[in-house]
Amino acid sequence: MPNVRVLRFNYVYWARHDYRHWYQFGWVPVTVYAMNLPGFLAGRSLLTPLTIYAGQTSDYKELALNIANFPKFLQLAFPTAVLDHYELLKRGLMVLTCLILLAGFWYLRRLDLTPQRFMMVATWSFWICTMFLPSMHDRYSYFVMVMLAIVALLDRRMIGVALVSIGISTVLYLRYLLNADAAINLWPLAIIQIINYCGFTAGTFLHPQPEYLHSFRSITTD
């Protein structure tokens, strides 16, 4: 799943900047299957890297596991409706994720993709998956937290977003580690994280970059 997220953004960036080196994407299946070699030797199917996420959504039949995101909000706010219409909601969330990504990348054509905005858009595109796709859990969000920490170093406006997200991620892991499901309510955490994500989206696409980032751009492009 992380490989799919990275590949998607790399493809969009490549399509905007350089069509000449398309053959480099041939390394993607090579590296994916090389890293899964122990699983294949243990008897896993060669299709497993492509089907494992779909299998997870069928095995657990939950919109979200131990994570604070939009599906978890729906699951906790409307438990009966989610249980009765799981398959429909699962497909709907997948479609919604694709539509948001398409809208974001279409709008991206209007922006100057500076080094710092590159990091922010990449982080946003990764966060989309853990925020809206069904059957996500906390481990899927670890890469996003690392990216948010890097973005916060580049853009002081995002320090609050990074701290809130990393804080929530830490609480979620402790909830799992200490078996404290009953003690920690995910509903308010999901609402906070959704608002946090919306703030990051606005900062990525709508608000102009502060002056101090222009000096960073000159350093990285000279």
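Residues are numbered from 1 along each chain as its sequence is written, and side-chain values use heavy atoms, with hydrogens and water left out. Because the model is predicted, local features need pLDDT of at least 70 and side-chain atom pairs count only at pLDDT 80 or more, while totals for chains, interfaces and linings use all residues.

Salt bridges come first. With a salt bridge taken as a side-chain nitrogen of Lys or Arg within 4 Å of a carboxyl oxygen of Asp or Glu, the count is 3. Glu-87 pairs with Lys-90, their closest N and O atoms lying 3.2 Å apart. Both residues belong to helix 7 (residues 86-108), where a spacing of 3 residues amounts to about one turn; helices here are DSSP runs of H or I with at least four residues, and strands are E runs of at least two, numbered from the N terminus. Glu-87 also meets Arg-91 in a salt bridge, at 2.9 Å from N to O. Arg-91 and Glu-87 are 4 residues apart in helix 7, so about one helical turn separates them.

As for exposure, buried means under 20% relative accessible area, exposed over 50%, and partly exposed in between (1.4 Å probe, protein chains only). Lys-90 counts as buried because its relative accessibility is 7%, whereas Glu-87, at 29%, is partly exposed.

Asp-155 and Arg-157 make a salt bridge too, with 2.7 Å between the closest N and O atoms. Asp-155 has 1% relative accessibility and is therefore buried, while Arg-157 comes out as partly exposed at 33%.

On a 1 Å grid over the protein atoms alone, a cavity is a set of points where a 1.4 Å probe fits but cannot get out, and lining residues have an atom within 4 Å of a point. Points are joined across faces, edges and corners, and the volume is the space filled by probe spheres set on them. The model has 1 cavity of 30 Å³ or more, and the volume of the largest cavity is about 70 Å³.

Its lining includes Trp-127, Thr-130, Met-131, Ser-169 and Leu-172. Helix 8 (115-132) and helix 10 (159-177) each put in at least two lining residues, with helix 8 giving the most, 3 residues. By type, the lining splits into 6 nonpolar, 5 polar and no charged residues, where Ala, Val, Leu, Ile, Met, Phe, Trp, Tyr, Cys and Pro count as nonpolar, Asp, Glu, Lys and Arg as charged, and the others, Gly among them, as polar.

Notes
1 Å grid on protein atoms, 1.4 Å probe; cavity = no way out; pocket = protein on both sides within 12 Å on 5 of 7 lines; lining within 4 Å.
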